[in-house]
Number of protein chains: 2
Amino acid sequence: MDGVDYLADERSKAQFDVDELKIVWAGSRHAFEVSDRISRLVASDPAFRKDNRPMLGRKELFKNTLRKATYAWKRIIELCLNEEEASKLRFYVDEPAFTDLHWGMFVPAIKGQGTDEQQQKWLPLAYKMQIIGCYAQTELGHGSNVQGLETTATFDPQTDEFIIHSPTLTSSKWWPGGLGKISTHGVVYARLITDGQDHGVHGFIVQLRSLDDHSPLPGITVGDIGMKFGNGAYNTMDNGVLRFDHVRIPRNQMLMRVFQVTREGKVKQSNVPRQLVYGTMVFVRQTIVADASCAISRAVCIATRYSAIRRQFGSQNGGAETQVIDYKTQQNRLFPLLASAYAFRFVGEWLKWLYTDVTQRLQANDFSTLPEAHACTAGLKSLTTSATADAIEECRKLCGGHGYLCTSGLPELFAVYVPACTYEGDNIVLLLQVARFLMKTVSQLGSGKKPVGTTAYMGRAEHLLQCQSDVQRADDWLKPSAILEAFEARATRMSVACARNLSKFKNQEDGFLELQADLVEAAVAHCQLIVVSKFIEKLQQDIPGNGVKQVLGLLCNVYALHILHKHLGDFLSTGCITPKQGSLASELQRSLCSQVRPNAIALVDAFNYTDHYLGSVLGRSDGNVYPKLYEEAWKDPLNDTVVPDGYHEYIRPLLKQQLRTARL
Amino acid sequence: MDGVDYLADERSKAQFDVDELKIVWAGSRHAFEVSDRISRLVASDPAFRKDNRPMLGRKELFKNTLRKATYAWKRIIELCLNEEEASKLRFYVDEPAFTDLHWGMFVPAIKGQGTDEQQQKWLPLAYKMQIIGCYAQTELGHGSNVQGLETTATFDPQTDEFIIHSPTLTSSKWWPGGLGKISTHGVVYARLITDGQDHGVHGFIVQLRSLDDHSPLPGITVGDIGMKFGNGAYNTMDNGVLRFDHVRIPRNQMLMRVFQVTREGKVKQSNVPRQLVYGTMVFVRQTIVADASCAISRAVCIATRYSAIRRQFGSQNGGAETQVIDYKTQQNRLFPLLASAYAFRFVGEWLKWLYTDVTQRLQANDFSTLPEAHACTAGLKSLTTSATADAIEECRKLCGGHGYLCTSGLPELFAVYVPACTYEGDNIVLLLQVARFLMKTVSQLGSGKKPVGTTAYMGRAEHLLQCQSDVQRADDWLKPSAILEAFEARATRMSVACARNLSKFKNQEDGFLELQADLVEAAVAHCQLIVVSKFIEKLQQDIPGNGVKQVLGLLCNVYALHILHKHLGDFLSTGCITPKQGSLASELQRSLCSQVRPNAIALVDAFNYTDHYLGSVLGRSDGNVYPKLYEEAWKDPLNDTVVPDGYHEYIRPLLKQQLRTARL
């Protein structure tokens, strides 16, 4: 029945103030207020309806996205939304569109890499969306290895122009979002060639389509690269293919903030530090970690609520069956994911701080923390996106068969989320970068150069290499110091072991290639330590609200012990803990899950997601699952008629044994 | 270029006779010949084209499936295919359809649960497809707990009929494939009520639709439950919802082979043993394990071939970049999955034998091995389907960004495969059944009752509980005996530890609920041991062909060491191996991966899949990936026009700042 809250009982069990936790989750009272207001605005506007997406064909789906994106922009103008509110609105519209790349990549690229003059020329056009831009880097044959891009930008001193060209099939731009059908302009990455010399890859602003009739400009071949994973998912986006046949652009459309080409075709470095580029990468990856916490929390919210509604087995004397959330197997799979959502939220919050810190230092020409900040964001991007992708699918499985229905919201959430494991740095490639940084850190340990930031713990390597956990009873694992030391010792020992094995190779690079698998594991151990330690640091702050700090402390432990159990082999083989201590951790985890149980629904309510944003019948806030599932089913196009299209042509001849004459 | 084999170099590197391995993979020369012939037949027939599926809307997609299913049946008749060939043909058509349930569930249900008389009446109709049947068990509110089904079948002695009724919303049948729009009949599971007494759940043949005009019969509400995960995937299937409003069927449509209702409404057990039902479950789950090896091998074939084509980084002096298959991280993720494909193939082959063995015993009234066979098939179904679902997604990630395109074949393969983790027994529920059986086995160890079959090793519990691995050098892990003992010791110790912890509970059931997570892990350890030991047994057979046995031995080791590394925590915490031995295993694994490398392409060629069946541009047999990706892109409906539908309504007003007057 509408209006009834089937989860009211569950909500009343909570042992903390859920409204206060909502503030903590949002990051601040202000952030909560904006999110809350904008998400309701979107949810209440039928123009932003999204439940019909899985049923639409590609063209219809795409057209619908264009409408929404333009309508969203119109609303942003009408309501005079500021940048924060506008970006929240796009977030809650929850549909990948060309505008994501325009605002998220095109504008920042010009801001970061364009000269003041270039910014003055292009940004006002972009801000008003008089031009729509994309970010054309990846090519058909070149992804992770940006330095291997093949597109060329050859300077022609005669006309003061660059000639942009795609010399091979594999040099075709491939993947850029918004490129396929919409962008009028792109920041195109190409090899700069002057005077026959290759100066590596740089960015160029290239107009792609006519501003009059939207047709591609001469020499430009552009289109959509085709369907991607999922029904709706990223198929609302026109990821594109782009080829240049000697397309000419004025010299001043090369982004020249750092590297410049003069009228004469001479190249020179400006006095702006190159490291600024890394600052941008820290920024982008920091937002990806924040997105991970959104995606995982959404999946967990759906699975948790449905687990409280779904009942199976355990009926005694004709009573109701057991809620599946009461089964230990369900808790043991679900609650660590719930804890991960909070863990990723807090580490994302910290990364935001880190970005501010790095930016301030860069402005003061202090590059000392940049490598560490870069490694740490790369690693956390990798760790959180991989874990989130897995978690969404695990949540889908936790919903049993019904999780497989699009109305559960989980298939689409998975399909739309997984590219995060690949874009902005393939997750394995990123971990190898982290490992490289860790090896460097280890090699400098004896040199007196102190490791900084998230690697500071390695300064205590001597202790960490030989310490023994003093956990004796299960409850000892509740102590943050016990957790921290075990994680620090594990990370240190894995890194040091890798470094030792590397040193056995004559050629370090050969060693690095041969030991990749171990290096990746060491990097993961380091990144997991960061997540755990930032969660612990968060808990050392003042957190108001009745029971809020306690329940977060509980989740922090659940997260840490989950990782400890999952990677028990690491902890045991490095001798950081004993088998007995490992089994005490499992024992404690069981009891912690029981403590999470009464708080589970309130903990996902604290995300403050509207039913529109969640987009899931199983995750409905009121728990009214079955009637709504039943209702939704009838909306499928197949149910438009009782007898399906195709019956007369195919099924009737089959049943009537008249196949010989049937046209098949 | 067409006609060029870009993988020829790779193929020439193989150190074994690939044609002989094809026979081993197929199971026999005969099986190979049938598979080869039928798969080519399907591939060469344009009527079975499937590359356009992701672009079709639901109705079009479904209608297309009806055409294919009927056409396939027509070809089966025209070509006089026997049962084996017909089933292979349906397999290679590779599109879920109502026929799967008709042949795979409806017909077997009548065969297994119908009396001779019932079989004589219904089977001829079903064999000719004059009726089309589905298997209507699962309900909206009831999945795993079959005994909790709510649909009722109340005997009316006055008319000698059953009244089939859906008393609640949650009693609606939900999920049965083929039910939504096609089936004329269903085997419907309902609570048998006679004389006010509930006799539990039984099967009934119920006609659902008119054989004249296909309209639902009076009292029947039936439809499709809506879109599911993926673009094409299972959306070709009409999974259905079904409600009964006091629908009457004659008494002789209850399936009465085991349990009977007399004319007077008295119930009685026939003299046919109930255990027959378990025989059917062993059969169905055995086929699911075989399917797992098909799905995982398909994904691995795509990822392996593409990994040999894709190059990234490592270019020196302007030469070609490194093939990604040469990176250790790629090998370390990919080759264990390749090994898993073979491991699952051989354990599936053995399960087929087990089913024959069980059937023969059942016919001789020997039920002694049934519980063990049942537990073992349940466990292997769970293990192989979970691992396969994960493997497909891992293979997709191993293909980088391009794996996200539908043309890679991997998104659809994942979406169509994952339900296997849920249907025919949720994988976690099944592992708990295995654990229950293991606990029983452990409890009887002292009783003189010897554990049989796959649990026979527990007969040596005394030794296994205290033995120490004697591995001293990495190569010692090559000995099957070293692997087997470690796996047996681990499984035994985990089961025994669970049993000990259980015994601390006053109430065994409470203990079982509390320790579920540990029990699941013990069950997994047992099942992994089965897979490893059956692989080893396979290698003890005569395997002809140059180098074939050697390369399979290599894969067996890769599989075992992969599991050992993944679950290192188990092996170390139970003291079965030392940290040093664990690290020797990793060292050996690195060298084994290098040995797999030259054989990788030939090892996936041995699956003998046609490009049609693979359905992947990335996995093309000739390796001609990039030109074909480029070609396929242009087929997307969005590329029908240069300027997309929606430009004039939404994009032009945006660019021209004319939003105020735009209709959005």
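1. Helix 4 (58-78) of chain A and helix 4 (58-78) of chain B each put at least two residues into the lining of the largest cavity. Helices here are DSSP runs (H or I, at least four residues), numbered from the N terminus. A cavity is a set of points, on a 1 Å grid over the protein atoms alone, where a 1.4 Å probe fits but cannot get out, and lining residues have an atom within 4 Å of a point.

2. Before going on: this is a predicted model, where local features need pLDDT of at least 70 and side-chain atom pairs count only at pLDDT 80 or more, while totals for chains, interfaces and linings use all residues. Residues are numbered from 1 along each chain as its sequence is written, chains are lettered from A in the order in which they are written, and side-chain values use heavy atoms, with hydrogens and water left out.

3. Back to that largest cavity: about 150 Å³ of space lies in it, a volume being the space filled by probe spheres set on the points. It has 19 lining residues, and A:P54, A:L56, A:N231, B:P54 and B:L56 are the closest to its centre. The lining splits into 10 nonpolar, seven polar and two charged residues. For these classes, Ala, Val, Leu, Ile, Met, Phe, Trp, Tyr, Cys and Pro are nonpolar, Asp, Glu, Lys and Arg are charged, and the others, Gly among them, are polar.

4. The second largest cavity holds about 120 Å³. Of its 14 lining residues, B:A69, B:A72, B:R90, B:A97 and B:T99 are the closest to the centre. Helix 4 of chain B gives the most to this lining, with six residues. Eight of the lining residues are nonpolar, two polar and four charged.

5. Now for a helix pair inside chain A. The axes of helix 3 (residues 29-43) and helix 5 (residues 83-93) of chain A come within 9 Å and cross at roughly 50°; axes are lines fitted to C-alpha atoms, over the stretch in contact for helices, and angles run from 0 to 180 degrees between N-to-C directions. That makes helix 3 of chain A oblique to helix 5 of chain A (under 35 degrees is roughly parallel, over 145 roughly antiparallel, 65 to 115 roughly perpendicular, and the rest oblique).

6. One helix pair joins the two chains: the axes of helix 9 (residues 328-363) of chain A and helix 16 (residues 516-540) of chain B come within 7 Å and cross at roughly 90°. These two helices are therefore roughly perpendicular to each other.

Terms used:
On a 1 Å grid over the protein atoms alone, a cavity is a set of points where a 1.4 Å probe fits but cannot get out, and a pocket is an open set with protein on both sides within 12 Å along at least five of seven lines; lining residues have an atom within 4 Å of a point.
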